[in-house]
Amino acid sequence: MDHYSDEPVLVKPTSISKWGLRQWILTGIGTLVLLIAAAFIATPFYQKHLDHKAHEVKRGEMWGAIYDTEIEGVVSTIELAWPGQKLAVIVRPSPIAGAVMQIDGSFGSERLTWDAQHSAFGPTQATLNPLDHYKVKLTLRRDGREVWSGKFWAYGAVQNSGHGH
């Protein structure tokens, strides 16, 4: 005689559900490996793109990239200049006395004051490779308030490839 009950019966998970978890983990690891490989392969192409942009950019008196912008309603130019292995920010026309330039990049964050010798903000304390390219955020402050800000590439000097553009 069989006895039946209304009591629930717990069933242990089978190896199939464990295999499903393993599949998800293996798929995740495989995806991560593919993403790392893609980034590794893409890096030289991105560097070539930056080198091309650096070759094409308008250059200033200190071999820095020049950008046109507007600061407090005044059409201005910014040069991310290279006085040696430092970075300086030349602003034309020169800002009013007392202004400071905050520069943020992969090399850190610095507060640059006006340097009459270079007619520029800076140069930075950080020593940089003038052949490399640095994405920077500039913030001009006067009397403690932000009067202008922008993001630019401080393109380094490029090697002459032997062909003109």
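This is a predicted model: local features need pLDDT of at least 70, side-chain atom pairs count only at pLDDT 80 or more; totals for chains, interfaces and linings use all residues.
Which loop holds T124?

1. **Position of T124.** T124 is found in the loop that runs between β7 (120-121) and β8. The residue is buried, its relative accessible area being 2%, where a value under 20% is the criterion for burial.

2. **Surroundings of T124.** A polar atom of the T124 side chain lies 3.0 Å from the backbone oxygen of A126. When residues up to four places away in sequence are left out, T124 touches K86, L87, I103, F107, E110 and L112. One of these, F107, returns in point 6 as a member of an aromatic pair.

3. **The sheet.** Four strands form an open sheet in the order β5-β4-β8-β9, and their pairing is antiparallel. From one strand to the next, the twist averages 20°. As background, strands of a sheet pair through backbone hydrogen bonds, in either a parallel or an antiparallel manner.

4. **The β4-β8 pairing.** Strand β4 (residues 100-105) and strand β8 (residues 134-142) run antiparallel and are joined by 5 bridges. Within this region, Q102 has T139 in β8 as its bridge partner.

5. **W82 and Y134.** The structure contains 6 aromatic pairs. In one of them, W82 and Y134, the ring centres are 6.1 Å apart and the planes stand at 50°; the pair is therefore tilted, since edge-to-face would require an angle over 60 degrees. This pair links distant parts of the chain, with W82 in the loop between β2 (74-81) and β3 (88-92) and Y134 in strand β8, 52 residues apart. Both residues, W82 and Y134, are buried.

6. **F107 and Y134.** Y134 also pairs with F107: the ring centres are 6.0 Å apart and the planes are at 75°, so this arrangement is edge-to-face. Because F107 belongs to the loop between β4 and β5 while Y134 belongs to strand β8, the pair ties together parts that are 27 residues apart in sequence. F107 and Y134 are each buried.

7. **A further aromatic group.** Y67, W148 and F152 make up one aromatic cluster.

Definitions and conventions:
Residues are numbered from 1 along each chain as its sequence is written. Side-chain values use heavy atoms; hydrogens and water are left out. Two strands pair if DSSP finds at least two bridges between them. Helices (H or I, at least four residues) and strands (E, at least two) are DSSP runs, numbered from the N terminus. Axes are lines fitted to C-alpha atoms, for helices over the stretch in contact, and angles run from 0 to 180 degrees between N-to-C directions. Buried means under 20% relative accessible area, exposed over 50%, partly exposed in between (1.4 Å probe, protein chains only). A polar contact is a pair of N or O atoms within 3.5 Å; within protein, one must be able to donate a hydrogen and the other to accept it, and residues adjacent in sequence count only if both atoms are side-chain atoms. Contact means heavy atoms within 4.5 Å. Rings of Phe, Tyr and Trp (its six-membered ring) pair if their centres lie within 6.5 Å; planes under 30 degrees apart count as stacked, over 60 as edge-to-face and the rest as tilted.
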